[in-house]
Amino acid sequence: MGKDFEITEELPVDATPEQVWDAIATGPGIDSWFMGRNDVAPGPGGAVSTAFGAYTPTLPITAWEPGHRLAYGEAPDPDGRFVAYEFLIEGRAGGSAVVRTVTSGFLPGDDWADEFEAMGLGGALFHRTLVEYLTWFLGRTACPVTVFGPPVGDWPHAWRLLHGALGLPDTPKPGDPAVFTVDGVPREATVYQVSAQTLAVRTPDAMYRFVRGFTGSMVAMHHVFTPTDESAAWQSWLDELYA
């Protein structure tokens, strides 16, 4: 048993098609909103490579139309599993654009529903972060921070701890203010995305994202737009929070 799927989203952005293209079709651009570190071998026959912990896929590019269309995806596994990504960019008046994203593929096995839910929530987080990047950080390049916290046994409790540490209510919503301290430095932020498995806040110099990981731990998947490497500070923060 398995599931063919297709998830589409339309993202209005205050950026030109060329600016959107730089964000989705270059390594530094993808580093600023997706996950891990990324590299793009451009053009037809090229590939998009991602390094996120032990997850290191290289996905062949299947469509390359600068400013208009980008598609890439993996070849099916023996069990039929594959995921493909497509971005369609439509320019609008006033230097804006609409980005249509299509995530499609096949999930094998009887537990496909859980994986599909996680994929949908993760995709919504990534795409919302793309919009935030194009809105608030255009022209800047992020240093991605990837940190895995200790194993979590009680997820409702883990989320309550996180919300409290960020100065948020038990059920935060987009627009809520957050106040927290990392490595002795107080920070003020605004929530921009919340779901059952994700939470993301934005400061003037970073987007901090927390995700329920497949490995059973809270994962920090941040984008920091300063030269400072915050990996060690966030590792200590998560370790202390979930000790």
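Analyst: Let's start with the largest pocket: α3 gives the most to its lining, 11 residues. Helices (H or I, at least four residues) and strands (E, at least two) are DSSP runs, numbered from the N terminus. This is a predicted model, where local features need pLDDT of at least 70 and side-chain atom pairs count only at pLDDT 80 or more, while totals for chains, interfaces and linings use all residues. Residues are numbered from 1 along each chain as its sequence is written, and side-chain values use heavy atoms, with hydrogens and water left out.

User: What volume does the largest pocket have?

Analyst: The general idea first: rolling a probe the size of a water molecule over the atoms shows where empty space is left. Here the largest pocket comes out at about 1200 Å³. A pocket is an open set of points on a 1 Å grid over the protein atoms alone, where a 1.4 Å probe fits, with protein on both sides within 12 Å along at least five of seven lines; lining residues have an atom within 4 Å of a point. Volume is the space filled by probe spheres set on the points, which are joined across faces, edges and corners.

User: Which residues of the lining are the closest to the centre of the largest pocket?

Analyst: M35, Y55, M119, F126 and F214, out of 48 lining residues. Elements that give two or more residues to this lining are β1 (2–13), β3 (47–51), β6 (82–92), β7 (96–108), α3 (112–136), β12 (206–212) and β13 (217–224). By residue type, the lining has 27 nonpolar, 13 polar and 8 charged residues. Nonpolar is Ala, Val, Leu, Ile, Met, Phe, Trp, Tyr, Cys and Pro; charged is Asp, Glu, Lys and Arg; the others, Gly among them, are polar.

User: On to the strands. In what order do the 7 strands of the open sheet run?

Analyst: Strands of a sheet pair through backbone hydrogen bonds, either parallel or antiparallel. In this sheet the order is β1-β7-β6-β5-β4-β3-β2, with antiparallel pairing (strands pair if DSSP finds at least two bridges between them). β1 and β2 (37–41) are the edge strands, each pairing on one side only. From one strand to the next, the twist averages 20°. β1 and β7 pair over 12 bridges, and V13 sits opposite A97 in β7.

User: Which helix packs on the sheet by touching β1, β6 and β7?

Analyst: That's α3, whose direction makes about 15° with that of β1. Helix α1 (17–24) lies across β1, β4 (58–65), β5 (69–73), β6 and β7, at about 160° to β6. Such angles run from 0 to 180 degrees between N-to-C directions, using axes fitted to C-alpha atoms, for helices over the stretch in contact.

User: And the sheet of 6 strands: which strands stand at its edges?

Analyst: The order is β8-β13-β12-β11-β10-β9, again an open sheet with antiparallel pairing. β8 (143–151) and β9 stand at the edges with a single partner strand each, so one side of each has no neighbour in the sheet. The twist here averages 30° from one strand to the next. α3 turns up again, lying across β10, β11, β12 and β13 at about 180° to β12. Helix α5 (231–241) packs on the sheet too, touching β8, β9, β10, β12 and β13, at about 25° to β8.

User: How many residues of β11 are buried?

Analyst: 6 of its 6, where buried is under 20% relative accessible area, exposed over 50% and partly exposed in between (1.4 Å probe, protein chains only). T198, A200 and R202 point one way from β11, and L199, V201 and T203 the other way. β11 forms a hairpin with β10, with 3 residues between them, and another hairpin joins β11 to β12 through 2 residues. Across these pairings, V194 stands opposite L199, Q193 opposite A200, and R202 has M207 in β12 as bridge partner.

User: Last topic, loops: is L168 buried or exposed?

Analyst: L168 lies in the loop between α4 (155–165) and β9 (177–182), and with a relative accessible area of 8% L168 is buried. Beyond its neighbours within four places in sequence, L168 contacts H163, D176, P177, A178, V191 and L199, a contact being heavy atoms within 4.5 Å. D183, in the loop between β9 and β10, is exposed at 66%. The phi of D183 is near 55°, a positive value in a residue other than glycine.
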